[in-house]
Amino acid sequence: MKKFPFRHIFVPILPLCLVLCLTVCLASCTDQEKRGGQRVREVAVFKLVPQQVSLTAELSGRVSAFRKAEVRPQVSGILQKQLFTEGTIVQQGQSLYKIDPDTYIAAVESARAARASAEAQLHAAKLRFDRRRALLRSQAVSRQSYEDAHAEYLQARANVEVANAALRTAEIQLRYTDVQAPITGRIGKSNVTQGALVTANQADELAVIQQLDPVYVDMTQSSLAMLRLRDRYAAGKLTRPGAEHTEVHLRLETGNSYPLAGELKFADISVDESTGSVLLRSVFPNPNHVLLPGMYVRASINEGVEERALLVPQRAVRRDPKGNASVFVLGKNSTAEQRNVLATDHVGRFWLISDGLKEGELVIIDGLQGLRQGSPVKVRETLTPATYKQPQDGR
C-alpha cells in the first residue's frame, strides 16, 4: 500500500493557520474592549482661566412714541374743513379741523345778553340798597326793609357771576370749533372727511399725533434673571456699571446696529403674571425717524463687570429636556466626569458658568459624541481662551 505524503500538505497550511489565529486573537481583544467599554477616546480640552468680562443682557423690545395724542372733537357739529396734510409734522396749537361755529356764535351772543341783563339788575338792586341804607340811619325805613334790599343786591351780584360763567362756557365751546393739535409731532391719516358729523368726546379719534423724537423702547426681562442679577451684585461677583446712566444699544430687524445710544429710564414695579417678566423702559434719540412705533428691536444693556468669570465654549455645554446644563470635565485617572453646571449668560461664543466648575479644571470640548461618565480619555489638545477658535460648523 502506498503512503500519502502528509509532509507536503503541512508546509503550505502552516502560514494560513498562523494568520487565522492572529485574526481570532485580535477580534477577541476588540470584542473584549467593546464589551468593557474601555476604548480610550482622544479629546480636546479647554482650561478654565478666570477673566474680566463685561456682561451684556440682550432683550427683545418694541418702539413706542414718546407722546401720543388722539385728536377728538370737544363739541358737536358738521366738519367744515381739514387744515393739515396727512403724514406731516404739526405744531402744538396748530388748527387741524374746523367745525361749523354758527350755533356756538349764537350761544356766545345769548350769554353776553344774559350777562348784560344781570348787570342791569345788579345796578338797580344796588341803588335800592343804597337808598334803604341811607334811610335806615334816619329810621325812615324798617330794619326788615333794609335787609330785604341787601339780600336783593347780593342775589343780583351772584346772578352776574353766573352770567359771566355762562359766557365763558359759551366762548370756550366756540373756541373748540377750531380743533387744534395738543402736541407737536407727526400726524397720521384723517379718519373723517369734510361734511361729516362729529360729536363731543366721541369714541373714534379724528386723527392721531405721535412725537417720534425721542422715542421709548420698552423691553422685557424675566423676573428670575433680575433676581439672579441682584444676588450677584450682593455677593460681590458682579460690579455695577461705572457710568451714571445705563446705556442701551439697539439692533434693528435688518441686523444692523442703530447708531445712537439710548438711556435706561426705569424698571416697572410689577411682574406680568402671564409671562413672568418685568418691563424696562429706555429713551432713544430719533432725529431721522428711523425708529417707528411698533417696530421690533433687540436691545443690549450693560449689566456690569465680573472680575473672575469662568467661560466655557458653547459647544461643550449640553442640556437635558428640562433645560439643565452639564459638561464633561477631565476627572481622575484620565476619565470623563459629567458635571451639572449653571450657565447663566452667553458672552460671544462662550457660556458664563456661575456654579459647578472651578478655576484650572479641564472641560472636554471635542469628542463628546457617545461619551459617558467614567469613559477613559486621552487629551489630544489643551486650549485656553486665548487659543480657542470657534469651528467653522459652529459645533
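1. Basis. Residues are numbered from 1 along each chain as its sequence is written, and side-chain values use heavy atoms, without hydrogens or water. As the model is predicted, local features need pLDDT of at least 70 and side-chain atom pairs count only at pLDDT 80 or more, while totals for chains, interfaces and linings use all residues.

2. Open sheet. The order E6-E5-E3-E8 describes an open sheet of 4 strands with antiparallel pairing. Strands here are DSSP runs (E, at least two residues) numbered from the N terminus, and two of them pair if DSSP finds at least two bridges between them. Strand E6 (178–180) and strand E8 (197–198) are at the edges with a single partner strand each, so one side of each has no neighbour in the sheet. Strand E5 (residues 95–99) is joined to E6 by 3 bridges. Lysine 98 is opposite aspartate 178 in E6.

3. Largest nonpolar core. A core is a set of buried Ala, Val, Leu, Ile, Met, Phe, Trp, Tyr and Cys residues joined through side-chain atoms within 4.5 Å; buried means under 20% relative accessible area (1.4 Å probe, protein chains only). The largest has 25 residues, of which Val312, Leu357 and Val363 touch the most other members. Elements giving two or more residues to this core include strand E1 (41–47), strand E14 (311–313) and strand E18 (350–355). E18 gives the most, 4 residues.

4. Valine 363. Beyond its neighbours within four places in sequence, valine 363 has contacts (heavy atoms within 4.5 Å) with residues including Phe46, Val312, Phe328 and Leu357. Another core, of 19 residues, lies apart from the largest one; among its members are Leu79, Ile183, Val192 and Ile209.

5. Aromatic pairs. Rings of Phe, Tyr and Trp (its six-membered ring) pair if their centres lie within 6.5 Å; planes under 30 degrees apart count as stacked, over 60 as edge-to-face and the rest as tilted. The count is 8 aromatic pairs. Phenylalanine 46 and phenylalanine 350 form a tilted pair, at 6.0 Å centre to centre and 45° between the planes. Phenylalanine 46 lies in strand E1 and phenylalanine 350 in strand E18, so this pair ties together parts 304 residues apart in sequence. Phenylalanine 46 also pairs edge-to-face with tyrosine 388, at 5.8 Å and 85°.

6. Charges over rings. The criterion is NZ of Lys or CZ of Arg within 6 Å of the ring centre and within 35 degrees of the ring normal. Arginine 281 lies over tyrosine 216, 4.0 Å from the ring centre. Arginine 319 sits over the ring of tryptophan 351, 5.0 Å from its centre.

Key. Buried < 20%, exposed > 50% of the residue type's maximum accessible area, 1.4 Å probe, protein only.
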